[in-house]
Amino acid sequence: MPLTDVAIRKAQPRAKPYKLFDGGGLYLLVSPAGDKHWRLKYRSPFERNKRGELKEKLLALGAYPAVRLPEARAKRDDAKKLLANGRDPMAVKQETERAASVAAENTFETIAREWFEKFSPKWAKSHADKIIARLENNIFPFLGKRPIKDITAPELLAVLRKIESRGAVDTAHRAHQNCGQVFRYAISTSRAER
């Protein structure tokens with residue numbers, strides 16, 4: 001019998017974890033601490049266990065109430081579509097998380113700070129202080145959190161135009177030079193293509 005939102009809300013913790021089944025392999029795991037987590041149990045057509053049977057897998061779909069019943073069902077349906085199209089939902093989830101992790105590690109600010117750490121020991125302290133201050137005050141607030149490979153020339157130009165519009169033409173020119181150096185460093189470390 002399918003779950004209802006009322007049954008989920010009323011589910012109380014017990015001494016041991018227990019499951020509330022919804023159907024199609026979807027269930028809610030209720031922990032002794034009272035936490036409620038959505039899980040999808042499925043058989044992977046891509047892997048077999050030692051006995052040659054299709055391997056059983058569990059896919060975490062999120063915690064209740066952040067993921068409500070309709071969302072959990074939609075995630076279950078999406079996973080079933082992936083299986084029908086010959087893709088393992090767990091592998092797809094891991095690829096997505098890995099891509100997000102790589103994007104987070106390769107933000108403009110992260111790479112710019114890495115570039116700064118590599119080259120600043122060769123500079124005078126006052127020069128290094130000006131460069132990092134220029135980036136922190138003028139560039140990072142606008143482009144810092146973006147993956148460097150996604151930043152386009154018109155976006156960078158728009159940020160530089162904001163600096164120029166304040167009357168800081170020299171700062172804009174120097175920021176442009178520093179950004180170019182950061183982009184070249186990203187290309188040389190294979191984290192950007194242009």
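1. Start with the hairpin of strand 3 and strand 4: it has 5 residues between the strands, and Gly52 there takes a positive phi near 85°. (Strands are DSSP runs of E, at least two residues, and helices are runs of H or I, at least four residues, numbered from the N terminus.) Keep in mind that this is a predicted model, where local features need pLDDT of at least 70, side-chain atom pairs count only at pLDDT 80 or more, and totals for chains, interfaces and linings use all residues. Residues are numbered from 1 along each chain as its sequence is written, and side-chain values use heavy atoms, with hydrogens and water left out.

2. Strand 3 and strand 4 (residues 54–64) run antiparallel, joined by 10 bridges; two strands count as paired if DSSP finds at least two bridges between them. Look for Tyr42, whose bridge partner in strand 4 is Lys57, and for Trp38, which has Gly62 as its partner there.

3. Trp38 of strand 3 also stands opposite Leu28.

4. Now zoom out: the open sheet has 4 strands in the order 1-2-3-4, paired antiparallel. Strand 1 (18–23) and strand 4 are the edge strands, each pairing on one side only.

5. Finally, the helices. Helix 2 (residues 69–84) lies across strands 1, 2, 3 and 4, at about 5° to strand 3. Helix 3 (residues 89–105) lies across strand 3 and strand 4, at about 50° to strand 4. Contact here means heavy atoms within 4.5 Å; axes are lines fitted to C-alpha atoms, for helices over the stretch in contact, with angles from 0 to 180 degrees between N-to-C directions.
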